[in-house]
2 protein chains.
Amino acid sequence: MAKFETLDAFRAILADLPGPNDRARQDAQDRNGQLTKPPGALGTLEDLAIWYASWSGTGRPKMESPQIIIFAGNHGVTASGVSAFPAEVTAQMVMNFQAGGAAINQLANAFGAKLDVHSLDLDNPTANFTESPAMSEAELLTALQTGWNAVDPDADVLVVGEMGIGNTTSAAALCTAIFGGNPDDWVGRGTGVDDDGLQRKLDAVSAGLALHKDALSDPLEVLRCLGGREIAAMAGAMVRARVESVPVLLDGFICTSAAAVLFGMTENALDHVTAGHLSAEGAHRAALDKMSKTPLLSLGLRLGEGSGGAAALGVLKAAVACHSGMATFAEAGVSDA
Amino acid sequence: MAKFETLDAFRAILADLPGPNDRARQDAQDRNGQLTKPPGALGTLEDLAIWYASWSGTGRPKMESPQIIIFAGNHGVTASGVSAFPAEVTAQMVMNFQAGGAAINQLANAFGAKLDVHSLDLDNPTANFTESPAMSEAELLTALQTGWNAVDPDADVLVVGEMGIGNTTSAAALCTAIFGGNPDDWVGRGTGVDDDGLQRKLDAVSAGLALHKDALSDPLEVLRCLGGREIAAMAGAMVRARVESVPVLLDGFICTSAAAVLFGMTENALDHVTAGHLSAEGAHRAALDKMSKTPLLSLGLRLGEGSGGAAALGVLKAAVACHSGMATFAEAGVSDA
């Protein structure tokens, strides 16, 4: 399904995104007020259920078929010594995903989610963004399209995650470009680099921003010059989800950097997106704050793979179960204060 | 099973509690270090899995049969106008639990937990603690025993919750007595009292503390004079869980006040207990802090019924699934940095 053959076509979709279902939201709010609990006593679970209902199109939704998609890509910037792990680990972890041995496999099973894994040209890393744009326009389009195509339109909620050695450096560069500030506001230790590695990450981001300074006013160009295939694919998937009215739970810092590109293009692009988990990667909270997103969980994960978003499926499951399963005061014969 | 016929027998159990299984904990730590993720990248989920393993008796535990128990009791202190809801709601909500219509029913279903409900003499509220001790020794013993007997020794994790109109007042009195400070450090709005109701709660706690001032140095006497049957039952259940090596997830403020009684008796009494959720009831964080417990979730719930603890079952499920299901670096052929 070739939904967009040019970047302008992708831009056009972003400029005309569908909104939530107002009737479903109202129905959900009405129902919430009648359930057998004091008003507001389920806290965030109430807001979450109403938000979910507004994208599900019904005031009493179910959560039966979550989809988790992991996109994997390799990054030329690893040549700049930005990761504690060798680039080969990207492909090794993809095999681990396929064999069912990774954290995300267990989380998908735990919450009844379908897990799909897409490798994006792992043998052909993006260019080192300190030397040239990470991707050509054609490469960016292919990555966006891969993400778009990967979404199951019948999923009732989507988690997108990633695997890509070096990609916290790319994500930090995207955040610096889109949100402003300095590289050291956005660069962190990723999977665990030492002080020297951290300095190499900072140097790489600074070099990339300097080299691509003419691109920084256009988030899609920022993505092309400083991003990665798996990050672009996550962005494409989040837009497809929006078009299909599938709500999305964000994972960690890298997933959030993909969301930031969309947010930079259109502020309302993330109305169908809730932050799943606050990563231990230092700048994640700042990135979420910039987009006014409050994470459901804060468990100190810093793994990627969609793991934080998948963990938040448990919270969403709880919220939807309460909202759609509870009795009303009238049904239960309970006094309504 | 009459495990204790006197309060001294209960005290004796508290004085000689079993510890965790050190071998299982070491096995779990060793396994955790070999899983296909950067060290520490699953954050709190790693610590949680290792703690759970240490009480489960195996380094690679499962979570297959959680038990949730709700204890319901009525409080004479409601005569002092401390709740926004009439006392009849306790029994009405018990019927709702039994019919499957409450939030806790949906959460139990969502996470595969067995739900048991025990009503403790609802037609015979505790005495108003502003006028006399809430319970006689015999009444306290019966409530402790009810909790003790309610625990399934084959459960692999336990959540205890409560229903009892007026019981945030009782919980605040317990916390003031055990942790110190003033009533206004511990009294909150519960299910939603107005300013006048809040003042009546403060007055009731102050009156109770003054009347029972000679009891305040003994946590079990504090429980008898200021507590309630459902609170005592939660305490009894938590001790039984310890004796059976069943780990426990705390619910909110009232459940935590039951734990506080045990903590006041023996500091290590809560080694098998993890805080599930930080309640929106104002003093909950302070109570957890006093016992050095960090909640897994903070979702703004203030419902009771075990709902916060049950929501945290989703986090525990995620932790155990990752810990026991993931491949090791060697199994997956992934480079270990």
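## Reading strands and their neighbours

Student: Before I look at the sheet, what should I know about the model and its numbering?

Tutor: This is a predicted model, in which local features need pLDDT of at least 70 and side-chain atom pairs count only at pLDDT 80 or more, while totals for chains, interfaces and linings use all residues. Residues are numbered from 1 along each chain as its sequence is written, chains are lettered from A in the order in which they are written, and side-chain values use heavy atoms, with hydrogens and water left out.

Student: In what order do the 5 strands of the open sheet in chain A stand?

Tutor: Strands are DSSP runs (E, at least two residues; helices are H or I, at least four), numbered from the N terminus, and two strands pair if DSSP finds at least two bridges between them. In chain A the order is E2-E1-E3-E4-E5, with parallel pairing. Strands E2 (114-119) and E5 (273-275) of chain A each have a single partner strand, so one side of each lacks a neighbour in the sheet.

Student: Which residue of E5(A) is the bridge partner of A:Leu250?

Tutor: That partner is A:Ala275; E4 (residues 248-250) of chain A and E5(A) pair in the parallel sense over 3 bridges.

Student: Is strand E3 of chain B mostly covered or uncovered?

Tutor: Buried means under 20% relative accessible area, exposed over 50%, and partly exposed in between, using a 1.4 Å probe and protein chains only. E3(B), residues 157-163, is mostly covered, with 7 of its 7 residues buried. Within this strand, B:Val159 is the bridge partner of B:Ile68, and B:Val159 also has B:Leu249 as its bridge partner in E4(B).
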